[in-house]
Amino acid sequence: AAELNMSALIARYQLEELPRKALTSQQREKYRLPILAKVFGEMRPEDIEPHHVWQYWRERGETVGARHEIRLLSCILTFGRRIGALTKPNPCYGLRLPDEPRRERYVTDAEFLAVRALAPTMVAYAMDLALLCGMDRSTILSLERRNITSEGIEFTRRKTGERQLIRWNDDLRETVDAILREPPRLRAALICTLHGERYTADGFKALWHRTMEAAVAQGIERFHFHDLRAKSASDADSDQAAADRLGHQSAALTRRVYRRLPRQAEPARLPAKIVTTREE
């Protein structure tokens, strides 16, 4: 394994590691792997130094896409350490790339309802599940009847592999009942095509894109489907309630990334002897 160049290591990573990831992650990484192979392919993993990675970051324009590519490069090199293709520390560590700008877009209730009214039926129900449960798109598209229990919707978080239960309330129960009344009745997936087939990520993206185009035409500011997960967190009663709903171990992460409304606090009181006056 020590004699592998990066092209060979990337090929092994794609064969052995990529299939273990969520489908959406696989699709993104398959797009990025050839980009990395074009730049680093002829190098040996042992020859890559931190300054090579930093130069890549600068020449790729210091964009969000470049950040994701370096994260993927780091995953590949970590895999290389496991199989003996890299014996020194991962050169991607410790570079301290500038923080990614925090996304601030908050979807108001009025915007949610206006876009929902424009959406195809199953997209509208997917929006409901994103808001009620704080689920991402891939989780929603993977839900099946077997995930419906007497206590709520039980499913596995794709990133952590942990089981999670979103307990019933009236809105969630009514939403799921309505979804199950949609044709075809005999199907496994909750969110599905008219033929009962699960939506592909690209197929659902296309529907969402058309929905957003219709919304923008009516003067609504564009937002991402993933912003509905942030709305669910932002509308929760507390940071901890939001973290529990989103399946985060750390409420601090939820606060930093997903809570997009201003933090609220009550003002202090003036000491009793201070008298304020207001000019008439």
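Predicted model: local features only at pLDDT ≥ 70, side-chain atom pairs only at ≥ 80, totals over all residues.

H5 provides the largest share, with 4 residues. Sorted by class, the lining of the second largest pocket comprises 7 charged, 5 nonpolar and 3 polar residues.

The largest pocket holds about 2100 Å³ of space. It is lined by 45 residues, of which Arg28, His68, Lys159, His226 and Tyr258 are the closest to its centre. Two or more lining residues come from each of helices H2 (23-40), H4 (64-83), H7 (137-142), H9 (201-217), H10 (227-234) and H12 (251-257). Among these elements, H4 gives the most, with 6 residues. By class, the lining of the largest pocket contains 21 charged residues, together with 12 nonpolar and 12 polar ones.

Attention may now turn to helix H3, which spans residues 50-59 and has Val53, Tyr56 and Trp57 as its buried residues. Viewed down the axis of H3, these buried residues fall within an arc of 100°, so they line one face of the helix. The buried residues of H3 pack against H2 and H4. Just after H3, Gly61 adopts a positive phi of about 90°.

What secondary structure does the chain contain? It comes to 12 helices and 2 strands, and read along the sequence the pattern is α-α-α-α-α-α-α-β-β-α-α-α-α-α. The radius of gyration of the chain is 23 Å, whereas the globule rule gives 19 Å for 280 residues; the value is well over that figure, so the chain is more spread out than a compact globule. Taken along the principal axes, the C-alpha atoms fill a box of roughly 75 × 70 × 40 Å.

Two further values describe the chain. Of its 280 residues, 42% are buried. Among contacts with a separation of 6 or more, 61% are between residues 24 or more positions apart.

Terms used. Residues numbered from 1 in each chain as written. Heavy atoms only, no water. 1 Å grid on protein atoms, 1.4 Å probe; cavity = no way out; pocket = protein on both sides within 12 Å on 5 of 7 lines; lining within 4 Å. Points joined across faces, edges and corners; volume = space filled by probe spheres on them. Nonpolar A, V, L, I, M, F, W, Y, C, P; charged D, E, K, R; others polar. Buried < 20%, exposed > 50% of the residue type's maximum accessible area, 1.4 Å probe, protein only. Arc of directions from axis to C-beta. Contact = heavy atoms within 4.5 Å. Rg over C-alpha atoms; globule rule 2.2 N^0.38 Å.
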